[in-house]
Amino acid sequence: MKAKLTARTIKELKPADQAYEVVDTEIKGFLLRVQPTGRMTFYYSYRSTEGARKRIKIGTLGSELTLNQARDIALKHAAQVVEGQDIQATKQKTRALAAGAKEKTLERFIDARYRSWALANLKSGQATIQSIHYSFPKLLKQPLNKISLSYIESWRTERLEAGIKPSTINRCANALRGVLSKAVEWDVIEEHPLKKLKALHVDSAAKIRYLSADEEARLLQCLADRDQELKDARARANEHRKVRGYKRYPDLSALTYADHMTPMVILSLKTGMRRGEVFDLTWDNVCLNQRVITITGEIAKSKRTRHIPLSPTAYNVLLEWKDQSPTLSGRVFPGDKGERLGDIRKSWGTILSTAQITNFRWHDMRHDFASKLVMKGVPLNTVRELCGHSDLNTTLRYAHLAPDHKSEAVALIG
């Protein structure tokens, strides 16, 4: 039968004793096959350059795609046919180039195809790949199409029993799901083995970690002490080298900061910048005259540019750091050779230990920034804009910190 495939038309279709097809009257070759089970699958039928009638599966309605998505794919196929392409032959060639895709292991697929794509397109590409290797060592030698939902369910149960947070487990599982999604998109495997995997529930109202006034005072004092200790150590080392006729290291005594840690920590506390944003911040995006930092979409997690006004403390830190920086181009906090900073966990851990601060990650400085804004009565939407949250729901985690907003509401009923 022929009919224009619309949501209403499809809703009226009923399963029959035998499968039947509805050919769309709007897009030539676009059709829907209805199985006796009620399953509805979209196809695109076309005539190849040799004159043979062929058809290619677009996808199943509901479980794989919507009507509008199927239409878009059908239009794409129609354009390919007009250009003289044989869609089915092209797809078969792609699968052949996948070098026996059904037997390709997770590790081989990552090394051969996914790694280069992830590093070029994902800000956390390297971290994603490392997470998969660390979290799923038993799956690395497994063919992609043999990765099972039951294994991942068991893996999650083991992690939960080991005390791993659901949010952490979800993040690792999502990294694996992302790899498999690309394998499906690139026709390496036909179906996503984890498409029915549901994320673990995460308490969105979980306690937000921020520093108490005493903890912040200890942290800042620890940073100041650390700078002085590094300067003293450098002076002793230079005295030692002077006596022995060795070339001396650069003198630190006249500098405000001994290294990048103090300005990085204070800037993070007073701007709410993510660690990666701090690492990738360049002097071109720091305007001290207007006292504002611009986080460009290139380095922002949300891919959206935002502007963060500098508080007096943040302004002074950047001003002092700029005065002692060897170069005013490139990254604000470069590595020893101008490259992007690497792992700072060891230095950060030592600082926290010395300051006697526990259960506080680098990312929690971002929570500290947002929490203290809310506690000062700053509107949640303003906090969202300053933090660069993609939606207000993320910011709502801090709503309970707003001054007296709940007690005032309850007081209304007397």
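This is a predicted model: local features need pLDDT of at least 70, side-chain atom pairs count only at pLDDT 80 or more; totals for chains, interfaces and linings use all residues.
Residues are numbered from 1 along each chain as its sequence is written, and side-chain values use heavy atoms, with hydrogens and water left out. Local features need pLDDT of at least 70 and side-chain atom pairs count only at pLDDT 80 or more, whereas totals for chains, interfaces and linings use all residues.

Helix α7 (residues 166-185) packs with helix α5 (residues 125-135) at an angle of about 110°, their axes being 9 Å apart; helices here are DSSP runs (H or I, at least four residues) numbered from the N terminus, and axes are lines fitted to C-alpha atoms over the stretch in contact, with angles running from 0 to 180 degrees between N-to-C directions. The two helices α5 and α7 are therefore roughly perpendicular to each other, a term for angles of 65 to 115 degrees. Contact (heavy atoms within 4.5 Å) is made by Thr128, Ser131, Ile132 and Ser135 of α5 with Cys172, Ala175, Leu176 and Val179 of α7.

Helix α4 (residues 106-121) also packs with α7, at an angle of about 85° and with the axes 11 Å apart, which makes α4 roughly perpendicular to α7. On the α4 side the contact is made by Leu106, Phe109, Ile110, Tyr114 and Trp117, and on the α7 side by Leu176, Gly178, Val179, Lys182 and Ala183.

In helix α12 (residues 345-355), Trp348, Ile351, Leu352 and Ala355 are buried, where buried means under 20% relative accessible area, exposed over 50% and partly exposed in between (1.4 Å probe, protein chains only). Seen down the axis of α12, these buried residues fall within an arc of 95°, so they line one face of the helix; the arc is that of the directions from the helix axis to the C-beta atoms. An α-helix has 3.6 residues a turn, so residues three or four places apart point the same way. The buried residues of α12 pack against α8 (213-243), α9 (261-271) and α13, while the face turned away from the buried side carries the exposed residues Lys346, Ser353 and Thr354. Just after α12, Gln356 takes a positive phi of about 60°.

Within helix α13 (residues 364-375) lies His367, which counts as buried at 7% relative accessibility. Apart from neighbours within four places in sequence, His367 is in contact with Ile208, Arg209, Tyr210, Arg361, Arg397 and Tyr398.

How values were computed: Angles under 35 degrees count as roughly parallel, over 145 as roughly antiparallel, 65 to 115 as roughly perpendicular and the rest as oblique.
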